[in-house]
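This report walks through one protein chain, from its overall build to single residues. Keep the sequence and the coordinates open while reading.

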Amino acid sequence: MFLTTGQQVFAGSSLSDTSRLTILFAGDIMGHDAQINAAFYKENGAYDYSYCFSELKPIIQKADIAIGNLEVTLAGEPYTGYPQFSSPDELAANLKEAGFDILINANNHVLDRGKKGLERTISITKKEGLIMTGSFESDESRETRYPLIVEKNNILLAILNYTYGTNGLIPSPPNIINYIDTLLIRSDIQKVRKVNPDFIIACMHWGNEYEMDGNMVQKSMARFLANEGVDAVIGSHPHVVQPFEILYNGNDSADFVPVVYSLGNFISNQRERYRNGGIMFTLEITKTEKTLPTGFSYLPVWVQKPVINEVTRFRLIPGNLTDPEKELLKLTKEELVILEEFYNDTRKQLLNVPEYR
């Protein structure tokens, strides 16, 4: 098991009394050609993605643990976008700087650059101080580092990650990708039970692209996970925000299991309606005699493409900006219309979820 420790106690509580943990989840971190070009600064000939995350950095850093779905490889040059992604290493450095702690990459683009790309992505994220799970150099690596166990605030958290596929590409031995398979998942849950985690989260790369609701396969799998004792399910891949649902844990019908079928895009160059943003989902869990969800909320996040000094950049901004905030960010009339549309669309998808303010 891979154990990362970093204990912190909230004011007014003790390790033997009550501990709380806030976990933030971000959707698909993409790297289209336009994003790569926008991150390049001619002045110093270097790549820098920090501007992309500047408006969200305080929110991400406020969470105890921040998790994102890295849907590109860090395979080195040549840097390319769709269909086989390879982004500059600076993306990982700037994600860490923005406040991310863990990246999951069991997704359909993990093998875009084959064995070299997979192994280099793991190496670079580790170098930048990020924890990666979902793909592994070998069986031995998976055996020692998976399921991922993270301890913080006296709470032992287990994180699982699986993908429906890898675009028809097959991992080169000895590389391992976590594919969605009920027998494998059940075995992993049994394995992780041996360390007695307080809370288990399954991050699933599933569903159909651009569909606005979870399909029957997703819903059936979510029920399977809840019945197996998973405590929260977070989905990615459709590139649009899908609805939220509450299921109940198979081990105790009184314990509810929050399910987000799709967070949508975090950052990408997809500009179509519903695809030009996504959500950050924050889950609070509290440990007393048991560890249970005690709160959750979402923040709509829209991708802006401002032109600065005749260069198009990318910037993530909250979808629920106040009027003074909109003025401060100098959004154009066209941007305001699109932002409002995105915000209203997202609210309709998540009517039963509190909004982060």
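Two residues are in contact when they have heavy atoms within 4.5 Å. Among such contacts between residues at least 6 apart in sequence, 72% join residues at least 24 apart in the protein chain.

## Basis of the model

This is a predicted model: local features need pLDDT of at least 70, side-chain atom pairs count only at pLDDT 80 or more, and totals for chains, interfaces and linings use all residues. Residues are numbered from 1 along each chain as its sequence is written, and side-chain values use heavy atoms, with hydrogens and water left out.

## Overall build

The protein chain holds ten helices and 21 strands. Helices (H or I, at least four residues) and strands (E, at least two) are DSSP runs, numbered from the N terminus. The radius of gyration is 19 Å, close to the 21 Å that the globule rule gives for 357 residues, so the chain is as compact as a globular protein of that length. That radius is taken over C-alpha atoms, and the globule rule is 2.2 Å times the number of residues to the power 0.38. Along the principal axes, the C-alpha atoms fill a box of roughly 55 × 50 × 40 Å.

Of the 357 residues, 57% are buried. Buried means under 20% relative accessible area, exposed over 50%, and partly exposed in between (1.4 Å probe, protein chains only). The chain exposes about 15000 Å², and carbon and sulfur atoms supply 51% of it. Accessible areas come from the Shrake-Rupley method with a 1.4 Å probe; for residues, only the protein chains shown count as cover.

## Helix 8

Helix 8 runs over residues 216-227 and has twelve residues. From first C-alpha to last it reaches 16 Å, close to the 16 Å expected at 1.5 Å a residue. The expected span is 1.5 Å times one less than the number of residues. N215 caps the N-terminal end: a side-chain oxygen lies 3.1 Å from the backbone nitrogen of V217. Just after the helix, G229 takes a positive phi of about 105 degrees.

Which residues of helix 8 are buried? They are Q218, K219, M221, A222, F224, L225 and A226. These buried residues pack against helix 7 (182-193) and strand 12 (199-205). Their other partners are strand 13 (232-236), strand 14 (241-248) and strand 15 (256-263).

## Cysteines

A disulfide is counted when a pair of cysteine sulfur atoms lies within 2.5 Å. By this rule the count is zero. C52 is buried at 8% relative accessibility. C203 is also buried, at 2%.

## Loops and backbone

Two cis peptide bonds sit at prolines. The bond from Y82 to P83 has omega near 10 degrees; P83 is in the loop between strand 5 (65-70) and helix 4 (90-98). The bond joining P173 and P174 has omega of about 5 degrees. P174 lies between strand 10 (155-163) and strand 11 (176-177), in a loop.

N154 has phi of about 65 degrees and sits in the loop between strand 9 (148-152) and strand 10. N154 counts as buried, at 17% relative accessibility. E310 has phi near 70 degrees and lies in the loop between strand 19 (307-308) and strand 20 (311-312). E310 is exposed, with a relative accessible area of 79%.

Notes: Polar contact = N/O pair within 3.5 Å; in protein donor to acceptor, adjacent residues only side chain to side chain.
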